[in-house]
Amino acid sequence: MRSNHRGAGAIAAAMALVVVVGGSWFGYRELAGSRCTGEVKLSVAASPEIAPAVRSTVESWSAGGGSADGTCVVVDVSEVNSVDMAAVIAAQHDVGLAGVGSANGTLEVPDVWLPDSSTWLVRLKTLAPGFNPADGGSVARSPVVAAMPEPLAESFGWPDKNVGWADLLKRITTGTGLRTGIVEPTRDAAGLSGLLSLGAAAGAEGGSQQAQTAALRSLAIGRSALRDDLVAKFPQASDAASLASGLNVAPLSEEDVIEYNAKKPPVPLAALYVEPTPAPLDYPFAIMPGTDPARTAAAEAVHDALDSGTFRDLLGAQGLRSPDGTWGAGFSAPTGAPSPAGGPPSPTPNAGGKAAGGLDPATLDRSLATWTAVTAPGRMLAVMDVSGSMLERVPEADNASRMAVTLAAAQAGLSLFDDSWALGLWTFSTDLGGGKDWRELVPIGPLSSNRSQALAALKSITPKPDGDTGLYDTMLAAYKEVQEGWAADRVNSIVMFTDGRNDDDNGVDEQTLLAQLKDLADPRRPVQVIILGIGDGVDEGQLKRITDVTGGGVFVTKDPTKIGDIFLKALALRPAAPR
């Protein structure tokens, strides 16, 4: 959550010259004269820091007879945090964004959404194919910077020296005492941009997943759910002790730094324009799917009205730049601020599917999934299908077996989990001993003590050549196992890997399974079920009927080599652990 009041005086003065857009029709018509007839109402939800400039500009435009195809346009501009509107839109399309949470019941999807970043549009579109907003052109920009107390920034050579993400990464991961922080990147676009840049630097420097995981864990130590909470961690006094104990560096928007310094803190923040340039906040003008032609025409006219010198100056008063990275009157440029800045103009989300700064959806998806896997402590039971079909060869993986490809993905996933995780491992097929379709290889326990046992067990797994798929009996037993040892301080989940459908005639049928799972489900002790389907023998409907009862999700890929990617997606689906 954020609230931005800087520049309010300038905007209030501009607003005093116009009539409120939502005022009486009679007064509006008198102002507009005969230039337009009729009325079309348009709702706009804008990120709080840009909403005042949008509202003032649109009100002036409307008061001057603003219209679309001869029809008078009445606009209501509301301030809505991007994460809150993203949750509402996700709920409308029956999808869930990692880390975003439930929708606010009082919010409705507007005709036009002005989030702070195109990454919100890309994330939604990736999960919800029906979400295809129109337009998407940027109306403002704020570079993402490394915010750092000025005394510490000087030790990096600021403002004369260019700082790279590799420089920061080295200080973060080598035990030099640099205290890092980030706003939860699943909920904050500037945090996500910083995460992407740091992750890319870790990959370039170390190249290994372990190096990137170490960087993310260091960054996560000082994470906050809200931006206001994060900035409150910066030093509140200029003495050495405060500087040493306070937050040292965090990815924030340039506008955040300007707002912070406008309050005259004891220790101002420096804005380090770190290279390579992170994806900026680009404030896309997104016309929502399903908007009728009259309101779409009105929205396009409003977008045109925002392409003006007046709007540029109002943005400057709010600490925001124009879409080209330059700034208007009233902009309080941080020391060393380049102009233009913020990277190349961002293409719209419909232009080749690229996100802000040229990032593609797969990059965003993978980064957020890895972050969630690394930072959300879990208690997980992994259940591996060892039926005979897992012996099938995968040409795309040098003819390795489907089992080998799946186990390699599981081992890579295990390396993401730190010792705060608890993990257990089962296999399943049919008749694996004792009249059961499943076998416990490693009981659920802390990785601090059973990591080597889990790795050894994974390496020892082999399919049962004549085994079928006892999926239903195994799922019921696994659910009971996880629920029995339920832990309140972490996400409790089952992750099942399978390449087939239930074909055990001697076990429970689907109706019985679903009824028993429904009886077992307890909202006070939720157990999330995630099923990863591999190959073309999976009955996705069968699996989804299970997760409809338990909560969780089904991820299916016909290409076994993609199992690592869907494993990360599955981990990202887990809700945040209780704190």
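Helices (H or I, at least four residues) and strands (E, at least two) are DSSP runs, numbered from the N terminus. Residues are numbered from 1 along each chain as its sequence is written, and side-chain values rest on heavy atoms, with hydrogens and water left out. Because the model is predicted, local features need pLDDT of at least 70 and side-chain atom pairs count only at pLDDT 80 or more, while totals for chains, interfaces and linings use all residues.

**Helix H16 with helix H17**

- Helix H16 (residues 402-414) and helix H17 (residues 447-460) pack at an angle of about 165°, with their axes 10 Å apart; axes are lines fitted to C-alpha atoms, for helices over the stretch in contact, and angles run from 0 to 180 degrees between N-to-C directions.
- H16 passes H17 in a left-handed crossing, a term used if the near helix is turned anticlockwise from the far one by less than a right angle, with right-handed used if it is turned clockwise.
- From H16, Leu407, Ala410, Gln411 and Leu414 make the contact, and from H17 Leu447, Arg451, Ala454, Leu455, Leu458 and Lys459 do so, where contact means heavy atoms within 4.5 Å.
- By class, the contact of H16 with H17 has seven nonpolar, one polar and two charged residues; Ala, Val, Leu, Ile, Met, Phe, Trp, Tyr, Cys and Pro count as nonpolar, Asp, Glu, Lys and Arg as charged, and the others, Gly among them, as polar.

- Helix H18 (residues 471-484) and H19 pack at an angle of about 10°, with their axes 10 Å apart, which makes H18 roughly parallel to H19.
- In that pair, Tyr472, Met475, Leu476, Tyr479, Lys480 and Gln483 of H18 meet Glu510, Leu513, Gln516, Leu517 and Leu520 of H19, and by class the contact has seven nonpolar, two polar and two charged residues.
- The axes of helix H19 (residues 510-520) and helix H20 (residues 540-550) come within 9 Å and cross at roughly 20°, so H19 and H20 are roughly parallel to each other.
- H19 passes H20 in a right-handed crossing, and the residues in contact are Glu510, Leu513, Leu514, Leu517 and Lys518 of H19 with Gln542, Arg545, Ile546, Val549 and Thr550 of H20.
- By class, the contact of H19 with H20 has five nonpolar, two polar and three charged residues.

**The sheet of six strands**

- Six strands form an open sheet in the order E2-E3-E1-E4-E11-E5, with mixed pairing; two strands pair if DSSP finds at least two bridges between them.
- Strand E2 (67-68) and strand E5 (134-138) stand at the edges with a single partner strand each, so one side of each is left without a neighbour in the sheet.
- Strand E4 (residues 112-114) and strand E11 (residues 284-287) run antiparallel and are joined by two bridges, and Val112 has Ile287 in E11 as its bridge partner.
- Helix H13 (residues 293-305) packs on this sheet, touching strand E1 (37-46), E2, strand E3 (71-79), E4, E5 and E11, and its direction makes about 65° with that of E1.

**The sheet of three strands**

- Three strands form an open sheet in the order E9-E6-E10, with antiparallel pairing.
- Strand E9 (250-253) and strand E10 (269-272) stand at its edges, each with a single partner strand, so one side of each is left without a neighbour in the sheet.
- The twist averages 45° from one strand to the next.
- Four bridges join strand E6 (residues 144-149) to E10, and these strands run antiparallel; Pro149 stands opposite Leu269 in E10.
- Helix H12 (residues 254-262) packs on the sheet, touching E6, E9 and E10, and its direction makes about 90° with that of E9.

**Backbone details**

- A cis peptide bond joins Glu275 and Pro276, with omega about -5°, and Pro276 is found in the loop between E10 and E11.
- A cis peptide bond also joins Ser339 and Pro340, with omega about 0°, and Pro340 lies in the loop between helix H14 (309-317) and helix H15 (361-375).
- Asp135, found in strand E5, has a phi near 70°, a positive value in a residue other than glycine.

**Confidence**

- The chain averages a pLDDT of 85, and 87% of the residues score at least 70; pLDDT is the predictor's confidence in each residue, from 0 to 100.
- Among the elements of the chain, helix H2 (residues 25-32) has the lowest mean pLDDT (39) and E4 the highest (98).
- Over residues 3-34 the pLDDT is below 50, and beyond near neighbours in sequence this stretch has 49 contacts in the model.
- Over residues 344-357 pLDDT stays under 50, and for these the model has 36 contacts beyond four places in sequence.

How values were computed: Parallel < 35°, antiparallel > 145°, perpendicular 65-115°, else oblique.
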